[in-house]
Amino acid sequence: MIGTESKKQEILKAYQFRHACKAFYTNKKISDEDFHFILETGRLSPSSFGFEPWKFVVIQNAALREKLKPVSGGAKGQLATASHFVVILARREEGLQPDSVHVNKMWKDIHHMPEEVVQDWYDFYKSFVETELEDNDRLIFEWSIRQTYIALGNMMTAAAQIGIDSCPIEGFDKKRVTAILQNEGIINGDDFGVACMVAFGYRQKDPKRPQTRQHLDEIVEWR
């Protein structure tokens, strides 16, 4: 079908367009409508057990961005120039225990599961936490962080499809960034921890070379 082929080419073009943008035009801002669209693709992203263990903190306050710069070496250029800068938080282990407020909210209030279904899922999830995650706080938090990367990828791809640049960022001091966000009242208690950052905007200049990747036959094996 012509429509399908056209859509596939459009999507591939967006992937080829996207690159890790280090500096953005400071006088060109993303519209509220377009950024809401980007956030919506994050909200609609899939997550393990449907728990949505994320929070997207959009840092637009210039003073707060300045506070983050000294402890975010990999984001200095983006913090200074991005139209929109997002710190993605991941829910910590306490909020992902089988009997936690968040987990029960997701089952009952969001997914509207009947009580008997909730009990079945409770037993299954409890077993998952105890066996696959060894009921270990660190492993649970790392599992939570991995979910946020699904939303991160979807937001960057969606942005690229409407001509907006982005850059995922891991180059920061997690402890010090967390301390700043706690001091600002953004992180309260042990509910969330910092997973990653991502900047959005419009590139100042094109990359010096076309996007490079390994060939498909080097990374795919058929059996």
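How many aromatic pairs does a search of the whole structure find?

1. The search finds 15 aromatic pairs. Keep in mind that this is a predicted model. A pair of aromatic rings is described by the distance of the centres and the angle of the planes. Two pairs are worth checking by eye.

2. Start with F35 and F200. Their ring centres lie 5.7 Å apart, and the planes stand at 75°, so this pair is edge-to-face. The cut-off for that label is an angle over 60 degrees. F35 belongs to helix α2 (residues 32-43), while F200 belongs to strand β4 (residues 192-201). The pair therefore ties together parts that are 165 residues apart in sequence. F35 and F200 are both buried.

3. Next, take W121 and F124. Here the centres are 5.8 Å apart and the planes are at 80°, so this pair is edge-to-face. Both residues sit in helix α6 (residues 115-131). W121 and F124 are three residues apart, about one turn of the helix. W121 has a relative accessible area of 34%, so W121 is partly exposed.

4. Which residues do ring pairs link into a cluster? They are F49, F51, W107, W121, F124, Y125, F128 and W143. W121 and F124 from the previous point are among them.

5. Now the cysteines. The disulfide count is zero. For C21, the nearest cysteine sulfur is that of C167, 7.2 Å away. For C167, the nearest is that of C21, again at 7.2 Å. A disulfide needs the two sulfur atoms within 2.5 Å.

6. The cut-off for buried is under 20% relative accessible area.

7. Look at the surface as well. L216, I219, V220 and W222 form a nonpolar patch there. Together they have about 520 Å² of accessible area. I219 lies in helix α9, which covers residues 216-219. With a relative accessible area of 55%, I219 is exposed. The cut-off for exposed is over 50%.

8. Finally, the record. An unreviewed UniProt entry carries the annotation "domain: Nitroreductase" for residues 17-202. In the model, the end C-alpha atoms of residues 17-202 lie 12 Å apart. The span is 47% helix and 15% strand.

Notes. Residues are numbered from 1 along each chain as its sequence is written. This is a predicted model: local features need pLDDT of at least 70, side-chain atom pairs count only at pLDDT 80 or more; totals for chains, interfaces and linings use all residues. Side-chain values use heavy atoms; hydrogens and water are left out. Patches are made of residues with over 30% relative accessible area and no salt bridge: like charges are joined within 9 Å, nonpolar side chains (Val, Leu, Ile, Met, Phe, Trp, Tyr) within 5 Å. Accessible areas come from the Shrake-Rupley method with a 1.4 Å probe; for residues, only the protein chains shown count as cover. A salt bridge is a side-chain nitrogen of Lys or Arg within 4 Å of a carboxyl oxygen of Asp or Glu. Helices (H or I, at least four residues) and strands (E, at least two) are DSSP runs, numbered from the N terminus. Buried means under 20% relative accessible area, exposed over 50%, partly exposed in between (1.4 Å probe, protein chains only). UniProt positions are given in the numbering used here, feature names are shortened, and annotations may be inferred rather than shown by experiment. Rings of Phe, Tyr and Trp (its six-membered ring) pair if their centres lie within 6.5 Å; planes under 30 degrees apart count as stacked, over 60 as edge-to-face and the rest as tilted.
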